[in-house]
Amino acid sequence: MAKYLHPDVLDNGLQYIIDEATSNNVDILLLDAYTLGQSYATVDSNKVMTINTSSGDYSLANFGTYGRQLDVAEKSGSASASATSPDLHVAIVDVTNTKVLAVTDETSDQDITNGNPITVPTWSIKMAQPV
């Protein structure tokens, strides 16, 4: 259940992902497995689906009283590979600069069959105030 945010996102905030998506650099990947700190090449090789995104697929909102979150719109696509008993994760990647921007766990961990339609529901990346 590894989660990850790239240093560019940590340094510049959630708006960084929207800004990169404005340049049509950002895709969402459904991964059959993920381990914290994996390289872009490894993450790309673990994908079972790619979904192109634009800045309109991301929006900023409040999280709790003082935190912020980036809401990612529901997106659909077709699997490009099969995976049996996967540990599914969803990644936001910058394909132009080959960066993994964010990764979160996808909790269904269902088997994936090449060519099947898949919907990734709306999800959020949350940044709380420091404690």
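The model is predicted, so local features need pLDDT of at least 70 and side-chain atom pairs count only at pLDDT 80 or more, while totals for chains, interfaces and linings use all residues. Residues are numbered from 1 along each chain as its sequence is written, and side-chain values use heavy atoms, with hydrogens and water left out.

I begin with the sheet. Five strands form an open sheet in the order S1-S8-S7-S2-S3, with antiparallel pairing; S1 and S3 (47–52) are the edge strands, each pairing on one side only. Strands here are DSSP runs of E of at least two residues, and helices are runs of H or I of at least four, both numbered from the N terminus. Two strands count as paired if DSSP finds at least two bridges between them. S2 and S3 pair over 5 bridges, in the antiparallel sense, and Leu29 has Thr50 in S3 as its bridge partner.

Next, helix H2. This helix lies across S2, S7 (89–94) and S8 (99–105), and runs at about 120° to S8. Axes are lines fitted to C-alpha atoms, for helices over the stretch in contact (heavy atoms within 4.5 Å), and angles run from 0 to 180 degrees between N-to-C directions. The buried residues of H2 are Tyr16, Ile17, Ile18, Glu20 and Ala21, where buried means under 20% relative accessible area, exposed over 50%, and partly exposed in between (1.4 Å probe, protein chains only).

After H2 comes Asn24, with a positive phi near 60°. Asn25 lies in the loop between H2 (15–22) and S2 (26–31) and is buried, at 10% relative accessible area.

I close with the salt bridges. What is the number of salt bridges in the structure? There are 3, each defined as a side-chain nitrogen of Lys or Arg within 4 Å of a carboxyl oxygen of Asp or Glu. In one, the closest N and O atoms of Lys99 and Asp8 are 2.4 Å apart. Lys99 lies in S8 and Asp8 in helix H1 (residues 7–12), so the pair ties together parts 91 residues apart in sequence. Asp8 is buried, at 18% relative accessibility.

Asp44 and Lys47 meet at 2.9 Å, N to O. Asp44 is partly exposed, with a relative accessible area of 27%, and Lys47 is partly exposed, also with 27%.

Lys75 and Asp57 have their closest N and O atoms 3.4 Å apart, and both residues are buried.
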